[in-house]
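Please look over the sequence and the structure below.

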Amino acid sequence: MAFGIYFYSQWNINATFLLFFSVIFNYSLAKYLVQVPGKNKRVLFVLGITANLIYLGIFKYFVFVWGLFSDLRIGFGLSGLSWKPEIILPIGISFYTFHNISYLIEVYDEKIPPCKNFFTFAIYDLFFPLLLLGPIERPGNLIPQIESKQFISKENIWNGISLFVWGVFIKSTIADPFSRYVELHAESFETLEPGILWIVAPVIAFQIYADFFGYSLCAMGLAEMMGFRLMNNFKRPFFSSNPSEFWSKWHISLSTWLRDYVYIKLGGNRHGFLRENTNLIVVWFLAGIWHGAGYGFVIWGLYLGLCLILYRIMKHYGLIRFESRLQSFFGIIFTFYSFSLGLLLFRIHSPSDTKLILENLLYPPKLSSLPVMILVTTIPLLVFDLWQEWKKTDRPNFYISTKPYSFLLMFFFLFLWFSLFSPFGKQDFFYFQF
């Protein structure tokens, strides 16, 4: 707990007090929740969830809603709002708020008992490896590990170090240089070379994957070195042959959170095909605004929801009956590109941006615009994911826990590659903004 508080306070001490208040509030509410009978229990539960959502909404969405209201006034011929609120978005607020909501839901549904010890819950909520960017760990997985005595073995140490080193490596040698390429080519859609977005889109996809996967690996590695086992957040998503498979492998902690606590609570697939797809649209709308308060994020969520629904409709009516190897190959390309192009929506700030993106995509890309260095730097990540796909691993594994010399060889290779391709500059993690 102390590490979590210190770690978070290095960013903003005021936000640390807010975080600690959130811990005290949710711990106290859960303890009281099991003591309240009947309807009062449900009322208290709804108030607790609402309080967490309001807490998240004030810091993450108030500025956006205020701007939206100002735009609506202008649209009706009135003057815009002159005062603009300035609210600092606390890092990781989306992650630890979802932590708290899942804890309250599990306690309310009597799947887990409330923590008797305040420090147990505080460690769960402030566990520093996942405090900023997740994964959104479930209380039923992490809290029992906190309550039990941890034994740290040599296997934990070697596996943890290898995951941490690999995470830092792909973040620094792939995500960081890709980020600079994206900023250079997507800063303004007006001045772009025609068709270049067909190349920029997959670069954004690899940038975000290496960035977020890298952080998740670092979190898993640090936790494993302390004897804890966190859930795997990515499972080779770019080898998915359809949108449904993709979202079972990308940001797994968020997609399963939305599935369990929103989609299933809304009825899931229990009330017919139309209701099922309506529930999916609601889930993806929430996924969009979870990522950020902006027009582009809402459109992004709805776009991905429609892609998933289109695939399910085709499968439901027998338009996709089986998948041969050739179909899987083209499915992988289509799924990857539909996801990659969707990421361009993150950068939409006005309707004119959408028009410029569509106009740019009307042209084919020029082969001369293909960044060879970008392709080269993805080789280690692609090789690693292919190897893991061949091994059918459930979580990243280097198989070196009993072979330290293999780790030293791997470390030497990664250090050499890092020396050749790392930009050697500070670059924040992409998901810090969420």
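**A buried asparagine, a helix crossing and the overall fold**

N52 lies in helix α3 (residues 38-60); helices are DSSP runs of H or I with at least four residues, strands are runs of E with at least two, and both are numbered from the N terminus. This is a predicted model, in which local features need pLDDT of at least 70, side-chain atom pairs count only at pLDDT 80 or more, and totals for chains, interfaces and linings use all residues. Residues are numbered from 1 along each chain as its sequence is written, and side-chain values use heavy atoms, with hydrogens and water left out.

N52 counts as buried because its relative accessibility is 2% (buried means under 20% relative accessible area, with a 1.4 Å probe and protein chains only). Apart from neighbours within four places in sequence, N52 is in contact (heavy atoms within 4.5 Å) with S22, F25, N26, T97, N100, I101 and L104.

Elsewhere, the axes of helix α9 (residues 197-225) and helix α17 (residues 379-391) come within 12 Å and cross at roughly 70°; axes are lines fitted to C-alpha atoms over the stretch in contact, and angles run from 0 to 180 degrees between N-to-C directions. That makes α9 roughly perpendicular to α17 (65 to 115 degrees). On the α9 side the contact is made by F206, Y209, A210 and F213, and on the α17 side by L381, L382 and D385.

For the whole protein, there are 18 helices and 0 strands. Of its 434 residues, 52% count as buried. Among contacts with a separation of 6 or more, 77% are accounted for by residues 24 or more positions apart.

Technical notes. Angles under 35 degrees count as roughly parallel, over 145 as roughly antiparallel, 65 to 115 as roughly perpendicular and the rest as oblique. Buried means under 20% relative accessible area, exposed over 50%, partly exposed in between (1.4 Å probe, protein chains only).
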